[in-house]
Amino acid sequence: MTNRRRPAILVLEDGRTFRGEAYGSIGETFGEAVFTTGMTGYQETLTDPSYHRQVVVQTAPHIGNTGVNDEDDESGRIWVAGYVVRDPARAGSNWRATGTLEDRLATEGVVGISGVDTRALTRHLRERGAMRVGISSLDDDPQALLERVRQAPQMVGADLSAEVSTDKPYTVDAEGEHRFTVAALDLGIKRNVARRLAARGVTTHVMPLSSTIDDLLATGADAVFLSPGPGDPATADHPVALAREVLRREIPLFGICFGSQILGRALGFGTYKLGYGHRGVNQPVLDRATGKVEVTSHNHGFAVDWPGREQGFRAADAPLNQVIDTDFGRVEVSHVCLNDNVVEGLRAKDVPAFTVQYHPEAAAGPHDADYLFDRFAELIERGGRPGTELSEDERA
Ligand SMILES: NC(=O)CC[C@H](N)C(=O)O
């Protein structure tokens, strides 16, 4: 099912237009245009629920080379609202492949465009910021499409958790001997989170968005996990209230990405929209406690606001021992992005909670940050005594 020769157009909300060819499904789609710089892992990107309502631009010029397979999905479907590539592989080939990427996009109704100068498009988004976009292989009139783009919903203010969360709880069993039980609030969880926990003897109960604190605790949870997910964290009032219940009870808490923004809000910080976000697999992050730099996978358009940011204060410049007093005691910035000083992790000192804004569960990697799942397991093992998440080795 190849529609490669049918013309398609891409129109950004500021009117910039790119012409290309239909890729995937024929049709029309709208969303927030974002670029990702990952050279690998397109299947994981496409199936990551955090990309719900986003039109993803791949800066890597060749996409689809290894086809798609039955093992690498991060959820049960493709979530991106649209897909923009430069030069799709004419054939997908890999020992694990079960089909081609374009057929899968078409089967799942994902409208894409190929033959676009994705470098020019990325530079535009980097200069002007993430914005709404439309792709059409039905209508060749950019002006008419532009009007529809401008009617599409914005990402700021988008409350999307209910659209991606599981309807019913389900369980992912520990591998080998069971050590701990974690209740994971599903705001758009990726499969590899539960796998990384399972590898540490953790049984994970993945819980729907509507869960109450009693529902979470009824699983027998030793700890709570707040998942990544799409949308504007400023809208996530129920998860924030739930996180505050967890903090109040001093139950160990770990969160990733959207989960990190929710912990930030639960502690009393705001969140804000980044110009064009961080999306890719080679973002340098400093762990301020150990001084180590890790190369990490990111996918976020919002971040936790830090006192003084708007006046030019950079979290990375804060003295290592600087803590901020919150409703739940002292908190420190544990991780920062070395590209732009965005807050990439929070650690509470008086309650057992820590989070990162990036993806230690990243598949296809990198795996530098996998140690964070060890820190979580150690925190649970110590009965949630806070402020000591560093392992013996890291403290030495
Ligand atoms: N991957 C995520 O959890 C993304 C969180 C949030 N939707 C953001 O864009 O910042």
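Reply: Helices are DSSP runs of H or I with at least four residues, strands are runs of E with at least two, and both are numbered from the N terminus. Residues are numbered from 1 along each chain, as its sequence is written. Mind that this is a predicted model: local features need pLDDT of at least 70, side-chain atom pairs count only at pLDDT 80 or more, and totals for chains, interfaces and linings use all residues. Counted that way, the chain has eleven helices and 22 strands.

Me: How is the chain split into domains?

Reply: The bounds come from an automatic or database domain assignment. It gives domain 1 (7–149) and domain 2 (161–395), with 29 Å between their centres over C-alpha atoms. Contact (C-beta atoms, placed from the backbone, within 7 Å) takes 21 residues from domain 1 and 20 residues from domain 2. On the domain 1 side, β3 (28–36) and α3 (118–128) each supply at least two residues, and β3 gives the most, with three.

Me: What does UniProt list for the "active site"?

Reply: The unreviewed entry lists C257, H359 and E361. UniProt positions use the numbering here, feature names are shortened, and annotations may be inferred rather than shown by experiment.

Me: Why say that these residues gather at one spot?

Reply: They span 105 residues in sequence, yet no two of their C-alpha atoms are more than 11.0 Å apart, so they do come together. The contacts of H359 include C257 and I256. E361 touches I256 as well, along with K190, N192, V193 and R196, leaving out residues up to four places away in sequence.

Me: Why is H359 called buried?

Reply: Buried takes 20 or more other C-beta atoms within 10 Å of a residue's own, exposed takes 12 or fewer, and partly exposed is in between, with C-beta atoms placed from the backbone. H359 has 27 such neighbours, so it counts as buried. H359 lies in the loop between β22 (353–356) and α10 (371–381).

Me: And what makes E361 buried?

Reply: E361 has 25 C-beta neighbours inside 10 Å, so it clears the cut-off too. Its place is also in the loop between β22 and α10. A369 is found in that loop, and with 24 neighbours it counts as buried as well. Setting aside neighbours within four places, A369 is in contact with E294, T296, V356, Y358 and P360.

Me: How do you know that H52 is buried?

Reply: H52 has 20 other C-beta atoms within 10 Å, and the cut-off is 20 or more, so it qualifies. H52 is in the loop between α1 (42–46) and β4 (54–58), and its contacts include W79, L160 and P230. Over the whole chain, 52% of the residues count as buried.

Me: How do you know that β13 and β15 pair?

Reply: Two strands pair if DSSP finds at least two bridges between them. Strand β13 (residues 180–185) and β15 have four, in the parallel sense, including the bridge from A184 to F225. β15 also pairs with β16 (residues 253–256), again parallel, over three bridges, and G255 is the bridge partner of L226.

Me: What makes the crossover from β15 to β16 right-handed?

Reply: With the strands pointing away from the viewer, a right-handed path from the first strand over the helix to the second runs clockwise. The chain here goes from β15 through helix α8 (residues 237–248) to β16, and that β-α-β crossover is right-handed.

Me: Why are both faces of β15 called covered?

Reply: In a regular strand the side chains alternate between the two faces of the sheet. In β15 (residues 223–226), A223 and F225 on one side and V224 and L226 on the other are all buried.

Notes: Two residues are in contact if their C-beta atoms, placed from the backbone, lie within 7 Å.
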